[in-house]
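Hello,

Here is the structure I said I would pass on.

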Amino acid sequence: MSKPRHPKRPVSKATKRLLESLRRKSGIRDLAPRVLIVCEDEKSSPNYFHALKREFRLSATIVGSGHFSQPIQVVERARQRKQSAADEDAPFDSVWCVIDGDYGTRINNARACAQANGIELAISTQCFEYWIVLHFEESAAPTGVLREWLWTNGAIEASL
């Protein structure tokens, strides 16, 4: 083996810092937080949140409540999904339940259960469909008139 022609010169600390700053960064990045959203209904709320997810490139798992529409049932479904994810070593960073606010005192049980299990509640004071309509149509009409419009156009059932 031959000797190098020119012996290596010592590198200064400033040069070392410069070379270190120019070195390619390793391929590590933070993962997006895992969010679970359990919706009271099977169509309008999940569709809305899926559209938000696509539009803003969000990372979330969005599910309906499996035809269980009572607030406590929605929270229980969220609790079950949260627990099963934790059992599989893939826990959610936050869990939310989307519930219509027209259940009166029946929300109190759901609120207590959610708080005991680290679940957040998003309660709309009018039905969720009404809230969506306000994204597209400006209205100063009383809520009863808009509720009738929603029913007439098939957005909600007459029983609400």
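Helices (H or I, at least four residues) and strands (E, at least two) are DSSP runs, numbered from the N terminus. The chain has six helices and four strands, and from the N terminus on the order is α-β-α-β-α-β-α-β-α-α.

This is a predicted model: local features need pLDDT of at least 70, side-chain atom pairs count only at pLDDT 80 or more, and totals for chains, interfaces and linings use all residues. Residues are numbered from 1 along each chain as its sequence is written, and side-chain values use heavy atoms, with hydrogens and water left out.

Helix H3 (residues 71-87) packs on helix H4 (residues 106-116) at an angle of about 15 degrees, with the axes 8 Å apart; axes are lines fitted to C-alpha atoms, for helices over the stretch in contact, and angles run from 0 to 180 degrees between N-to-C directions. That makes H3 roughly parallel to H4 (angles under 35 degrees). In contact terms (heavy atoms within 4.5 Å), Pro 71, Ile 72 and Val 75 of H3 meet residues of H4 including Ile 107, Ala 110 and Cys 113.

Buried residues (under 20% relative accessible area, 1.4 Å probe, protein chains only) make up 28% of the 160 residues in the chain. A nonpolar core is a set of buried Ala, Val, Leu, Ile, Met, Phe, Trp, Tyr and Cys residues joined through side-chain atoms within 4.5 Å. The largest one has 18 residues, and Val 38, Val 75, Cys 97, Ile 99 and Ile 119 have the most contacts inside it. Strand E1 (35-39), H3, strand E3 (94-100) and H4 each give two or more residues to this core. A second, separate core of eight residues includes Ile 37, Tyr 48, Ala 60 and Ile 62.

Regards

Definitions and conventions. Angles under 35 degrees count as roughly parallel, over 145 as roughly antiparallel, 65 to 115 as roughly perpendicular and the rest as oblique. Buried means under 20% relative accessible area, exposed over 50%, partly exposed in between (1.4 Å probe, protein chains only).
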